[in-house]
Each structure stands twice: as C-alpha cells, then as structure tokens.
Amino acid sequence: MQDLPPLTMDDAAPPDRLPADGVRLVSVLVPEFGTVELTFADGMAGTLDMRPLVARGGVFAHLTSPEMFARARVGENGWSLEWPAPDGTWDETAVVDLCADSLWLQVKGLWKRP
C-alpha cells in the first residue's frame, strides 16, 4: 500500500475521479485479521490494512477481536463496509460502517485515512 499524505479539502479528488453512478461495494473478504479485500461495482479491487484504524479504539475497539473483525460485510445496496455492533448484533443504530467512496479512494491510492 502506497504511503500518501492525508488530503485536504483543497486537494481532494475531483468528482470526475469517482464513478459517475456512485461507488458501490460488491464483495468483501477478510483474508486475515485487520485486512479486507474489497471489490467495487466498477471493477476496482484492492486490499486495505485496517489495523491502524482498529488500533484507534473508540467505536472500533470491539474490532480488535479477530472473530468480530472477520464478520465484515457489504452494507445495504453496497454503499458501505460494515461490522456488527459491539454486542454482535446488526442493529442499524450501532453497526460500525465506512462509506464505499472513501474506501474506493484508498484502494485507488488517491486518499489515505489520517
């Protein structure tokens, strides 16, 4: 994974770099703890290391459990990547989710999560 500085609003990817019909995930695989393999509807695919994000704790604290992290799935209509709530349920008010747009930009190498 290429190490890029975080983007600011001034140098964020122009809208024409995103698929015109929106970014949607079609599949997620967890080959090992902390890593997700993502495939998007436009054919873009890649692997992201989510360990730095999980290490931040907070809403991600329960994802330090390899069993919980492995439960990653594509969110409704492919708009997000999501994990269950800390209690293991898929309660829509408590799931942890990341938008497909930001994940697509990371896979493409245009943005690195700060």
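User: Which residues have the most contacts inside the largest nonpolar core?

Analyst: First, the term: a nonpolar core is a set of buried Ala, Val, Leu, Ile, Met, Phe, Trp, Tyr and Cys residues joined through side-chain atoms within 4.5 Å. Buried means under 20% relative accessible area, exposed over 50%, and partly exposed in between, with a 1.4 Å probe and protein chains only. In this structure the largest nonpolar core has 26 residues, and V36, L38, M50, L81, W83 and L103 have the most contacts inside it. β1, β2, α1 (51-55), α2 (66-69), β5, β6 and α3 each supply at least two residues of this core. With 5 residues, α3 gives the most.

This is a predicted model: local features need pLDDT of at least 70, side-chain atom pairs count only at pLDDT 80 or more, and totals for chains, interfaces and linings use all residues. Residues are numbered from 1 along each chain as its sequence is written, and side-chain values use heavy atoms, with hydrogens and water left out.

User: What does L81 touch?

Analyst: Contact means heavy atoms within 4.5 Å. Leaving out residues up to four places away in sequence, L81 touches L25, V28, V36, L38, A72, R73, V96, D97, L98 and L103.

User: What is the strand order of the open sheet of 3 strands?

Analyst: Helices (H or I, at least four residues) and strands (E, at least two) are DSSP runs, numbered from the N terminus. Two strands pair if DSSP finds at least two bridges between them. Here the order is β4-β5-β6, with antiparallel pairing. β4 (73-74) and β6 (96-99) stand at the edges with a single partner strand each, so one side of each is left without a neighbour in the sheet. β4 pairs with β5 (residues 80-83) over 2 bridges, in the antiparallel sense. R73 stands opposite E82 in β5.

User: Which helix packs on the sheet?

Analyst: Axes are lines fitted to C-alpha atoms, for helices over the stretch in contact, and angles run from 0 to 180 degrees between N-to-C directions. Helix α3 (residues 100-108) packs on the sheet, touching β5 and β6, and its direction makes about 60° with that of β6.

User: How many residues of α3 are buried?

Analyst: An α-helix has 3.6 residues a turn, so residues three or four places apart point the same way. In α3, 7 of its 9 residues are buried. They are A100, S102, L103, W104, L105, Q106 and V107. Their cover includes β1 (25-32), β2 (35-40), β3 (45-49), β5 and β6. G109 follows α3 and has a positive phi, near 85°.

User: How many aromatic pairs does the structure hold?

Analyst: Rings of Phe, Tyr and Trp (its six-membered ring) pair if their centres lie within 6.5 Å; planes under 30 degrees apart count as stacked, over 60 as edge-to-face and the rest as tilted. The structure holds 2 aromatic pairs. F33 and F69 are edge-to-face, 5.4 Å centre to centre, with 70° between the planes. F33 lies in the loop between β1 and β2 and F69 in helix α2, so the pair ties together parts that are 36 residues apart in sequence. F33 is partly exposed at 34% relative accessible area, whereas F69 is buried at 0%. F69 and W83 form a tilted pair, 5.3 Å centre to centre, with 40° between the planes. W83 lies in strand β5, 14 residues from F69. F33, F69 and W83 form one aromatic cluster.

User: Where does the charged end of R73 sit?

Analyst: A charge sits over a ring if NZ of Lys or CZ of Arg is within 6 Å of the ring centre and within 35 degrees of the ring normal. The charged end of R73 sits over the ring of W90, 3.6 Å from its centre.
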